[in-house]
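Here is a guided walk through one structure. Keep the model open as you read.

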Amino acid sequence: MAKKSIASLKKLLWKHFTAYIKRRDKNICCTCGRFFEGGAMGGGHYIAKAACSLEYYFSEVNVNAQCTNCNCRLEGNRPAYRAFLLQKYGKEVLEDLELHYGRSTVSDSYMWLIDKIEYYKNHAT
């Protein structure tokens, strides 16, 4: 069997990770507070995924259930998202996220992704 690419592993992890996040958050949008099901609900990043290291791309603090309207049309609804994180995790955790989102401690991204896929595959349902 051929070794999967990092991109395909990230895609697979995102599938299991967002299923876990939506289940954890009971399909309630972190920024508008409404309940959604199906395609209207996904995982929204507080710090944009393009700016994140691998750990923050898949961080349970940085990613929360967010409706398509808040995530896409309102571009993350950042003021409401920041207020949500501040209330849920506190000032120290929020400041840590805002200061360290680009730093990576992962030495082997391939194995890190494999381990995370297994973890979230088993915890998403």
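Rings of Phe, Tyr and Trp (its six-membered ring) pair if their centres lie within 6.5 Å; planes under 30 degrees apart count as stacked, over 60 as edge-to-face and the rest as tilted. One aromatic cluster is formed by Trp 14, Phe 17, Tyr 20, Tyr 57, Phe 58, Trp 112, Tyr 119 and Tyr 120.

The model is predicted: local features need pLDDT of at least 70, side-chain atom pairs count only at pLDDT 80 or more, and totals for chains, interfaces and linings use all residues. Residues are numbered from 1 along each chain as its sequence is written, and side-chain values use heavy atoms, with hydrogens and water left out.

Stay with the rings. The whole structure holds 11 aromatic pairs. Phe 17 and Tyr 120 make an edge-to-face pair, 5.0 Å centre to centre with 85° between the planes. This pair links distant parts of the chain, with Phe 17 in helix 1 and Tyr 120 in helix 6, 103 residues apart. Helices (H or I, at least four residues) and strands (E, at least two) are DSSP runs, numbered from the N terminus.

Phe 17 is buried at 0%. Tyr 120 is buried at 3%. Tyr 120 also pairs with Tyr 119: their centres are 4.8 Å apart and their planes at 90°, so this pair is edge-to-face. Tyr 119 is partly exposed, at 37%.

The axes of helix 1 (residues 6-24) and helix 6 (residues 109-123) come within 9 Å and cross at roughly 30°. Axes are lines fitted to C-alpha atoms, for helices over the stretch in contact, and angles run from 0 to 180 degrees between N-to-C directions. Angles under 35 degrees count as roughly parallel, over 145 as roughly antiparallel, 65 to 115 as roughly perpendicular and the rest as oblique. Helix 1 and helix 6 are therefore roughly parallel.

Contact means heavy atoms within 4.5 Å. Among the residues that meet are Leu 13, Phe 17 and Tyr 20 in helix 1, and Trp 112, Ile 117 and Tyr 120 in helix 6.

Finally, move to the loop between helix 1 and strand 1 (41-45), where Asp 25 sits. Asp 25 is buried, with a relative accessible area of 11%. Not counting residues up to four places away in sequence, Asp 25 touches Asn 64, Ala 65 and Lys 88.

Notes. Buried < 20%, exposed > 50% of the residue type's maximum accessible area, 1.4 Å probe, protein only.
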